[in-house]
Amino acid sequence: MALAEDAASVLEEFVQNVANLPAEIAHLLEEIQAKDRVVQDCRSTAASRDTSIQKFYKTNGARQANPKDEAYSKDILASYDKAQIYQDEKIGLSDRAALLLDRQIKRLDLKIRDLQNEGAIAIDPQLPSLLNNNN
(Lines give C-alpha, C1' and ligand atoms only; values in the text may rest on other atoms or scores of the structure.)
Protein backbone atom coordinates (compact mmCIF):
# COMPACT_ATOMS: atom_id res chain seq x y z
CA MET A 1 0.00 0.00 0.00
CA ALA A 2 1.45 3.33 -1.06
CA LEU A 3 1.62 6.12 1.45
CA ALA A 4 -0.06 9.38 0.53
CA GLU A 5 2.53 11.95 -0.42
CA ASP A 6 2.37 15.65 0.18
CA ALA A 7 3.95 18.37 -1.94
CA ALA A 8 6.92 18.76 0.42
CA SER A 9 7.85 15.07 0.27
CA VAL A 10 7.52 15.04 -3.53
CA LEU A 11 9.79 18.06 -3.77
CA GLU A 12 12.29 16.56 -1.32
CA GLU A 13 12.39 13.31 -3.31
CA PHE A 14 12.88 15.25 -6.55
CA VAL A 15 15.76 17.25 -5.07
CA GLN A 16 17.43 14.05 -3.87
CA ASN A 17 16.97 12.38 -7.26
CA VAL A 18 18.51 15.27 -9.19
CA ALA A 19 21.34 15.98 -6.76
CA ASN A 20 23.82 13.99 -8.86
CA LEU A 21 22.38 15.13 -12.19
CA PRO A 22 24.72 18.13 -12.72
CA ALA A 23 27.77 15.90 -12.27
CA GLU A 24 26.38 13.29 -14.68
CA ILE A 25 25.59 15.94 -17.30
CA ALA A 26 29.01 17.56 -16.83
CA HIS A 27 30.70 14.18 -17.35
CA LEU A 28 28.74 13.60 -20.57
CA LEU A 29 29.62 17.07 -21.80
CA GLU A 30 33.30 16.44 -21.06
CA GLU A 31 33.13 13.26 -23.13
CA ILE A 32 31.48 15.19 -25.96
CA GLN A 33 34.21 17.83 -25.75
CA ALA A 34 36.96 15.17 -25.89
CA LYS A 35 35.35 13.58 -28.94
CA ASP A 36 35.00 17.00 -30.53
CA ARG A 37 38.76 17.50 -30.21
CA VAL A 38 39.33 14.23 -32.06
CA VAL A 39 36.91 15.34 -34.78
CA GLN A 40 38.82 18.60 -35.13
CA ASP A 41 42.07 16.64 -35.46
CA CYS A 42 40.49 14.52 -38.19
CA ARG A 43 39.35 17.63 -40.03
CA SER A 44 42.81 19.18 -39.70
CA THR A 45 44.42 16.04 -41.08
CA ALA A 46 42.03 15.96 -44.03
CA ALA A 47 42.56 19.66 -44.72
CA SER A 48 46.33 19.29 -44.53
CA ARG A 49 46.38 16.37 -46.96
CA ASP A 50 44.03 18.20 -49.32
CA THR A 51 46.21 21.30 -49.19
CA SER A 52 49.26 19.19 -50.06
CA ILE A 53 47.48 17.67 -53.05
CA GLN A 54 46.28 21.07 -54.27
CA LYS A 55 49.73 22.61 -53.79
CA PHE A 56 51.36 19.83 -55.84
CA TYR A 57 48.96 20.32 -58.74
CA LYS A 58 49.24 24.09 -58.54
CA THR A 59 53.04 23.85 -58.68
CA ASN A 60 53.41 20.98 -61.17
CA GLY A 61 50.22 21.13 -63.20
CA ALA A 62 47.60 18.45 -63.69
CA ARG A 63 49.53 16.53 -66.32
CA GLN A 64 52.11 15.26 -63.86
CA ALA A 65 50.86 12.54 -61.51
CA ASN A 66 51.24 13.19 -57.80
CA PRO A 67 52.99 10.18 -56.23
CA LYS A 68 51.22 10.83 -52.91
CA ASP A 69 47.77 11.45 -54.39
CA GLU A 70 46.35 7.99 -53.73
CA ALA A 71 47.78 7.73 -50.20
CA TYR A 72 46.60 11.23 -49.28
CA SER A 73 43.15 10.56 -50.73
CA LYS A 74 42.88 7.44 -48.56
CA ASP A 75 44.01 9.46 -45.54
CA ILE A 76 41.36 12.10 -46.25
CA LEU A 77 38.59 9.51 -46.58
CA ALA A 78 39.76 7.69 -43.45
CA SER A 79 39.81 10.97 -41.51
CA TYR A 80 36.26 11.80 -42.58
CA ASP A 81 35.08 8.28 -41.72
CA LYS A 82 36.67 8.52 -38.28
CA ALA A 83 35.16 11.98 -37.74
CA GLN A 84 31.71 10.63 -38.66
CA ILE A 85 32.03 7.83 -36.11
CA TYR A 86 32.94 10.31 -33.39
CA GLN A 87 30.13 12.65 -34.44
CA ASP A 88 27.65 9.77 -34.09
CA GLU A 89 29.04 9.01 -30.63
CA LYS A 90 28.63 12.68 -29.67
CA ILE A 91 24.98 12.52 -30.76
CA GLY A 92 24.50 9.42 -28.60
CA LEU A 93 26.00 11.16 -25.59
CA SER A 94 23.85 14.25 -26.03
CA ASP A 95 20.77 12.05 -26.40
CA ARG A 96 21.71 10.35 -23.14
CA ALA A 97 22.01 13.70 -21.39
CA ALA A 98 18.60 14.78 -22.70
CA LEU A 99 17.11 11.45 -21.60
CA LEU A 100 18.48 11.91 -18.08
CA LEU A 101 16.87 15.32 -17.82
CA ASP A 102 13.58 14.23 -19.38
CA ARG A 103 13.31 11.23 -17.07
CA GLN A 104 13.61 13.37 -13.95
CA ILE A 105 11.22 16.03 -15.21
CA LYS A 106 8.61 13.46 -16.26
CA ARG A 107 8.88 11.77 -12.89
CA LEU A 108 8.21 15.11 -11.19
CA ASP A 109 5.35 15.83 -13.60
CA LEU A 110 3.73 12.51 -12.75
CA LYS A 111 4.02 13.20 -9.03
CA ILE A 112 2.53 16.68 -9.47
CA ARG A 113 -0.33 15.25 -11.51
CA ASP A 114 -0.98 12.64 -8.81
CA LEU A 115 -1.03 15.38 -6.17
CA GLN A 116 -3.46 17.40 -8.27
CA ASN A 117 -5.70 14.36 -8.76
CA GLU A 118 -5.69 13.74 -5.01
CA GLY A 119 -6.55 17.40 -4.37
CA ALA A 120 -3.35 18.01 -2.42
CA ILE A 121 -2.44 20.92 -4.69
CA ALA A 122 -4.59 23.08 -6.94
CA ILE A 123 -4.85 22.33 -10.63
CA ASP A 124 -3.12 25.13 -12.49
CA PRO A 125 -3.51 25.07 -16.29
CA GLN A 126 -0.55 27.46 -16.55
CA LEU A 127 1.77 24.94 -14.84
CA PRO A 128 4.31 23.78 -17.46
CA SER A 129 4.40 20.04 -17.99
CA LEU A 130 5.93 17.55 -20.37
CA LEU A 131 2.76 15.50 -20.03
CA ASN A 132 0.53 18.15 -21.64
CA ASN A 133 0.18 17.95 -25.38
CA ASN A 134 -0.57 21.68 -25.46
CA ASN A 135 3.04 22.71 -24.67
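Student: What does tyrosine 57 count as by relative accessibility?
Tutor: Tyrosine 57 is partly exposed, at 26% (under 20% relative accessible area is buried, over 50% exposed, partly exposed in between, with a 1.4 Å probe and protein chains only). This is a predicted model, where local features need pLDDT of at least 70, side-chain atom pairs need 80 or more, and totals for chains, interfaces and linings use all residues. Residues are numbered from 1 along each chain as its sequence is written, and side-chain values use heavy atoms, without hydrogens or water.

Student: Which residue forms an aromatic pair with tyrosine 57?
Tutor: Phenylalanine 56, in an edge-to-face pair with 5.5 Å between centres and 80 degrees between planes (ring centres within 6.5 Å; planes under 30 degrees apart are stacked, over 60 edge-to-face, the rest tilted). Phenylalanine 56 is buried, at 17% relative accessible area.

Student: How many aromatic pairs does the whole structure have?
Tutor: One aromatic pair turns up in the search.

Student: New topic: how many salt bridges are there?
Tutor: Five (a Lys or Arg side-chain nitrogen within 4 Å of an Asp or Glu carboxyl oxygen). One of them joins lysine 35 and glutamate 89, with the closest N and O atoms 2.8 Å apart. Lysine 35 sits in helix 2 (residues 21-60) and glutamate 89 in helix 3, so this pair ties together parts 54 residues apart in sequence (helices are DSSP H or I runs of at least four residues, numbered from the N terminus).

Student: Are those two buried or exposed?
Tutor: Lysine 35 is buried at 19%, whereas glutamate 89 is partly exposed at 33%.

Student: What about aspartate 75, which residue is its salt-bridge partner?
Tutor: Arginine 49, at 3.1 Å between the closest N and O atoms. Aspartate 75 in helix 3 and arginine 49 in helix 2 are 26 residues apart.

Student: And which side chain does lysine 111 meet in a salt bridge?
Tutor: Glutamate 13, at 3.8 Å from N to O. Lysine 111 is in helix 3 and glutamate 13 in helix 1, so the bridge ties together parts 98 residues apart in sequence.

Student: Which residues line the largest cavity?
Tutor: The lining includes Glu13 and Lys111, along with Val10, Phe14, Asn17, Gln104, Arg107 and Leu108 (a cavity is a set of 1 Å grid points where a 1.4 Å probe fits but cannot get out; lining residues have an atom within 4 Å of a point). Helix 1 (7-18) and helix 3 (69-118) each supply at least two of the lining residues.

Student: How much space lies in the largest cavity?
Tutor: About 50 Å³, counting the space filled by probe spheres set on grid points joined across faces, edges and corners.

Technical notes. Phe/Tyr/Trp six-rings, centres within 6.5 Å; stacked < 30°, edge-to-face > 60°. 1 Å grid on protein atoms, 1.4 Å probe; cavity = no way out; pocket = protein on both sides within 12 Å on 5 of 7 lines; lining within 4 Å.
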